[in-house]
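Here is a quick walk through one chain and its model. Have the sequence and the 3D view open while you read.

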Amino acid sequence: MIPRKTLERWAPVAAAAVLLALWQVVCSVFSIPDYLFPSPITIAQACAQYAGPIAEAAWKTFWVTMLGFAISIVVGVLLGFLVGSSRLAYAALYPLLVGFNAVPKAAIVPILIVWFGIGLGPGILTAFLISFFPITVNIATGLATLEPELEDVLRVLGAKRWDVLVKVGLPRSMPYFYGSLKIAITLAFVGTVLAEMTAGDSGIGYLMQTAGSQQRMPLAFAGLVVIGVMAMAMYELFSLVEKRTTAWAHRGAQGG
């Protein structure tokens, strides 16, 4: 019998293989034209044929996303610390953050174009605006859910409010923080591509927009594949870092 861990490790690969096989069969059996819905083989051929332009566009999208994501980490952690450490700040700011997060980011891109023009600015800012909210909320949640009994004990032992937050609250928030990073990084790629399709002059989003307007759907789908691979790679990277740095938070789950 195959060990459970081995099954779990290879389950995503098997699921992806089955999905691609079904996709290929459907496209072949129904003779779907490539300009409507390309098959996996056609997409792979487009990846090989346009490897140079795709790689160049992917690198541009990647570092723009990383820059916006880095800003979101700084702002998200600071804002989450503020919101989570004060009931007054939580009551005042949290509804505003929820309202801002509900605004479609696609509606903000035209405003960013007016302010910053066509180019890098809208991409970086859209990646930031769409990804900082999960970080803020998770840091605030980690701090706000600190047990009152634990805080009372630490206060009796002479710890100040700041010491409790920094030495106990922040470490306790790390699992929340890494969970938010895994969500935020995927959203950051969405924001960058959205801005590139609307206000960009390069990058995967611009490549997909151009390919779509020319009915070169295999190339457009190749761009989707590249974005998905980059997002999954960063997700797995943060998962690995999370397991290495917050193993104490996963012991119960591993033992169960």
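## The chain as a whole

Keep in mind that this is a predicted model. The chain is built from helices: there are 11 of them, and 0 strands. Read from the N terminus, the order of elements is simply α-α-α-α-α-α-α-α-α-α-α.

Of the 256 residues in the chain, 38% come out as buried.

## Helix 3 against helix 6

Two packed helices are described by the angle between their axes and the distance between the axes. Take helix 3 (residues 51–85) and helix 6 (residues 120–144): their axes come within 6 Å and cross at roughly 35°. The crossing of helix 3 past helix 6 is right-handed.

What sort of residues make up this contact, by class? Between helix 3 and helix 6 there are 21 nonpolar, 10 polar and 1 charged residues.

Helix 5 covers residues 105–116.

Which residues of helix 5 are buried? They are Lys 105, Ile 108, Val 109 and Leu 112. These residues cover an arc of only 115° around the axis, so they sit on the same side of helix 5.

## Two loop residues with positive phi

Ser 31 is not a glycine, yet its phi is positive, at about 50°. You'll find Ser 31 in the loop between helix 1 (4–29) and helix 2 (40–49). Buried or exposed? Ser 31 has a relative accessible area of 57%, which is over the 50% cut-off, so it counts as exposed.

Gln 215 is another residue other than glycine with a positive phi, here near 60°. Its place is the loop between helix 9 (203–213) and helix 10. The relative accessibility of Gln 215 is 57%, so it counts as exposed.

Tyr 94 belongs to helix 4 (residues 87–102). Its relative accessibility is 24%, which lies between the 20% and 50% cut-offs, so Tyr 94 counts as partly exposed. Which residues does Tyr 94 touch, leaving aside those up to four places away in sequence? The answer is Val 83, Ala 89 and Val 137. Val 137 is 43 residues from Tyr 94 in sequence, and the C-alpha atoms of the pair are 8.5 Å apart.

Gly 228 lies in helix 10 (residues 217–245). Its relative accessible area is 27%, so Gly 228 counts as partly exposed. Along the chain, Gly 228 and Phe 189 are 39 residues apart, while 8.9 Å separates their C-alpha atoms.

Notes: Residues numbered from 1 in each chain as written. Predicted model: local features only at pLDDT ≥ 70, side-chain atom pairs only at ≥ 80, totals over all residues. Heavy atoms only, no water. Helix = DSSP H or I, 4+ residues; strand = E, 2+ residues; numbered from the N terminus. Expected span 1.5 Å × (residues − 1). Buried < 20%, exposed > 50% of the residue type's maximum accessible area, 1.4 Å probe, protein only. Arc of directions from axis to C-beta. Axes fitted to C-alpha atoms, helices over the stretch in contact; angles between N-to-C directions. Left-handed = near helix turned anticlockwise from the far one by under 90°. Nonpolar A, V, L, I, M, F, W, Y, C, P; charged D, E, K, R; others polar. Contact = heavy atoms within 4.5 Å.
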